[in-house]
Amino acid sequence: MTLAVRYTAARTLDTAVAPSTPPGPGEVELAPAYVGICGTDLHIFHGDMDARVAAPAVLGHEMSGRIVRVGPGVEDWQPGDAVTVMPLRWDDTCPACRSGHQHICQHLDFIGIDSPGAMQQRWTVPASTLLRLPDSLPLDLAALVEPTAVAVHDVGRAQVAEGEKAVVVGGGPVGVLIALVARAAGADVRVVELNAHRRLLAEELGLTVWSPGDDDVPALVREWTGDAGADVAFEVSGAAGGVDTAVDVLGVRGRLCLVAIHPRPREVNLHRFFWRELTLVGARLYDRGDFEKAVTLVADGTIPAERLISKVVPLTQAPAAFEALEGGGDVMKILVDCTDDAQGGAV
Ligand SMILES: [Zn+2]
């Protein structure tokens, strides 16, 4: 049996016990250890994604865990192996897949949104989604690999080069991870964030952070860049004002990398794009290479994952944690502890 956190209706989560299913051919059954709560999970919780998410739905796609059972035909994996999951299933036949972009397959199954996720004691996934974790990497920290892979992909899409100046608009978990990955790539980075708690945490990680409320961000950028403007801006805030800032700070031939989900069309200063010959590039999810690099960055401490984890709660307290996260931005990452021990044993 497996205890699971399920989305049942807008603003309603429950915990339910279900039989665990044996892995089929090519599948593995995992015991998830830690599962991060992500902004997308909060959108689901809000009811914003009811058109896509079939309730009751088990949430969770940022995870670490160990293999419990392997299905027929699965080689290379053994019970006990420490793993994370790249939660994508693609059809390999659509135009996107055929052009080599399987991660944005036109019929993508994002596991944890379109199909059952990791916030449960047992979780069956295709063996092809697994990545091996080094023994030296604690499993709580490994739950940060998936959001780090997002950041690796974003920095790659923006083609950040050593010595470039980059502005990250939005200093939540993904924005901070982008800043850290860009810094590791040799960029000089500034973060723009409204929330004082998040600014403080980013500063503690050695990042220079500006407040759009208190600081004149375009003026600071001009001063910082000798009036040139930044080479790269990442829009991670999802807000109209964030888009304006990201456009305003760019110098000639600057690249704006769009990371946040903007559910509605936004007004954009296209004259600026014309005048400065700017480029806009979208960045969604990650590929396997991004994920492998993310494992390395978390394992070698380039990403100080322990500093980003605000709280760890057992499965049964996950619904309350979602409520708390809705309250505001005074936390970074909350992990759900799915281990049998945290629930007082296997159900
Ligand atoms: Zn496809």
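**Briefing: helix packing, aromatic pairs, cysteines and a buried valine**

Helix α4 (residues 145–157) packs against helix α10 (residues 288–299) at an angle of about 115°, and their axes are 8 Å apart. The model is predicted: local features need pLDDT of at least 70, side-chain atom pairs count only at pLDDT 80 or more, and totals for chains, interfaces and linings use all residues. Residues are numbered from 1 along each chain as its sequence is written, and side-chain values use heavy atoms, with hydrogens and water left out.

- Helices (H or I, at least four residues) and strands (E, at least two) are DSSP runs, numbered from the N terminus.
- Axes are lines fitted to C-alpha atoms, for helices over the stretch in contact, and angles run from 0 to 180 degrees between N-to-C directions.
- From α4, Val145, Glu146, Thr148, Ala149, Val152 and His153 meet Asp290, Phe291, Lys293, Ala294, Val295, Leu297 and Val298 of α10; contact means heavy atoms within 4.5 Å.
- The residues of this contact divide into eight nonpolar, two polar and three charged. Ala, Val, Leu, Ile, Met, Phe, Trp, Tyr, Cys and Pro count as nonpolar, Asp, Glu, Lys and Arg as charged, and the others, Gly among them, as polar.

**Aromatic pairs**

- Rings of Phe, Tyr and Trp (its six-membered ring) pair if their centres lie within 6.5 Å; planes under 30 degrees apart count as stacked, over 60 as edge-to-face and the rest as tilted.
- By this rule there are four aromatic pairs.
- In one of them, the ring centres of Trp210 and Trp224 are 6.0 Å apart and the planes stand at 85°, so the pair is edge-to-face.
- Trp210 belongs to strand β13 (residues 208–210) and Trp224 to helix α7 (residues 217–224), so the pair ties together parts that are 14 residues apart in sequence.
- Both Trp210 and Trp224 are buried (under 20% relative accessible area, with exposed over 50% and partly exposed in between; 1.4 Å probe, protein chains only).

**Cysteines**

- The count of disulfides (pairs of cysteine sulfur atoms within 2.5 Å) is zero.
- Cys38 is in no disulfide, and the nearest cysteine sulfur, that of Cys338, is 15 Å away.
- Cys38 counts as buried at 13% relative accessibility, and Cys94 is buried at 3%.

**Val336**

- Val336 sits in strand β18 (residues 333–337) and is buried, with a relative accessible area of 0%.
- Leaving aside neighbours within four places in sequence, Val336 is in contact with residues including Ala33, Tyr34, Met119 and Leu315.
- Val336 and Ala118 are 218 residues apart in sequence, yet 9.8 Å apart in space, C-alpha to C-alpha.
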